[in-house]
Amino acid sequence: MKRIAIAAAALMLTACATAPQSKYDWGTYEQSLYQYYKTPAEMNVLAAALDASIVNAEKASRVVPPGLYAEYGYLLLQQGKNRDAIAFFGKEKAKWPESATLMNRMIKIAEVKSAGSEVKQ
C-alpha cells in the first residue's frame with residue numbers, strides 16, 4: 001500500500017512538472033515585439049520576425065495565433081505594401097471570423113491607400 005502511495009505521488013509530481021503545450025505557435029513574437037518597443041525604428045526586424053513565425057507555424061501545421069496575421073498585415077500597410085497587407089488581413093479574417101468587422105475595415109483602408117498610390121503614379 002505504501003509503494004502504491006509513493007508511486008501515485010511520483011506520478012502526480014511528474015504530471016505537474018510537465019509544461020503545458022501552447023495552443024498556438026507564437027514563434028519569437030514576444031521577444032521581437034519587446035525589441036521593437038525598445039527600438040521602434042527597426043520595424044523591418046519585427047516584420048521579418050512575424051513573417052518567419054507565420055511561415056514556421058504554417059509549415060508545421062500549427063495554429064497561427066489570433067492577431068498575428070493582422071499585425072503583420074498592419075506592418076506591411078505601414079511599409080506601403082498595401083496588396084500584401086490586404087492578403088494578410090484576409091487570412092486573419094478567414095482564420096478568425098470574429099475579427100471580420102475590423103479586418104474588413106483594415107482591408108478598405110488598404111484599398112483606399114492602394115488607389116491613392118496608383119493615382120499619384
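The following legends describe close-up views of a predicted model.

**Figure 1. Overall architecture of the predicted protein chain.** The protein chain contains six helices and zero strands, and its elements run α-α-α-α-α-α from the N terminus on. Helices (H or I, at least four residues) and strands (E, at least two) are DSSP runs, numbered from the N terminus. Of the 121 residues in the protein chain, 31% are buried; buried means under 20% relative accessible area, exposed over 50%, and partly exposed in between (1.4 Å probe, protein chains only). The protein chain exposes about 8,400 Å², with carbon and sulfur atoms supplying 61% of it; accessible areas come from the Shrake-Rupley method with a 1.4 Å probe, and for residues only the protein chains shown count as cover. Among contacts (heavy atoms within 4.5 Å) between residues at least 6 apart in sequence, 56% join residues at least 24 apart. Residues are numbered from 1 along each chain as its sequence is written, and side-chain values use heavy atoms, with hydrogens and water left out. Because the model is predicted, local features need pLDDT of at least 70 and side-chain atom pairs count only at pLDDT 80 or more, whereas totals for chains, interfaces and linings use all residues.

**Figure 2. Packing of helix α2 (residues 29-38) against helix α3 (residues 43-59).** The axes of α2 and α3 come within 9 Å and cross at roughly 170°; axes are lines fitted to C-alpha atoms, for helices over the stretch in contact, and angles run from 0 to 180 degrees between N-to-C directions. The two helices, α2 and α3, are therefore roughly antiparallel to each other, a term for angles over 145 degrees, with those under 35 counted as roughly parallel, 65 to 115 as roughly perpendicular and the rest as oblique. Helix α2 contributes Y29, S32, L33 and Y36 to the contact, and α3 contributes M43, L46, A49, L50 and S53. These residues divide into seven nonpolar, two polar and no charged; Ala, Val, Leu, Ile, Met, Phe, Trp, Tyr, Cys and Pro count as nonpolar, Asp, Glu, Lys and Arg as charged, and the others, Gly among them, as polar. Q35 lies in α2 and is partly exposed, with a relative accessible area of 40%. The C-alpha atoms of Q35 and L46 are 8.0 Å apart, although eleven residues separate the two in sequence.

Figure 3. S53 counts as buried at 4% relative accessibility. Leaving aside neighbours within four places in sequence, S53 is in contact with W26, G27, T28, Y29 and L68.

**Figure 4. The largest nonpolar core and helix α4.** This core has 25 residues, and those with the most contacts inside it are L50, I54, Y72 and F89; a nonpolar core is a set of buried Ala, Val, Leu, Ile, Met, Phe, Trp, Tyr and Cys residues joined through side-chain atoms within 4.5 Å. Helices α2, α3, α4, α5 (82-95) and α6 (100-120) each supply at least two residues of this core, and its largest share, seven residues, comes from α4. Eight of the eleven residues of α4 (residues 68-78) are buried, so this helix is largely enclosed by the rest of the structure. The buried residues of α4 are L68, Y69, A70, Y72, G73, L75, L76 and L77. I54 touches V64, L68, Y69, Y72 and F88, not counting residues up to four places away in sequence.

Figure 5. N82 lies in helix α5 and is buried, with a relative accessible area of 8%.
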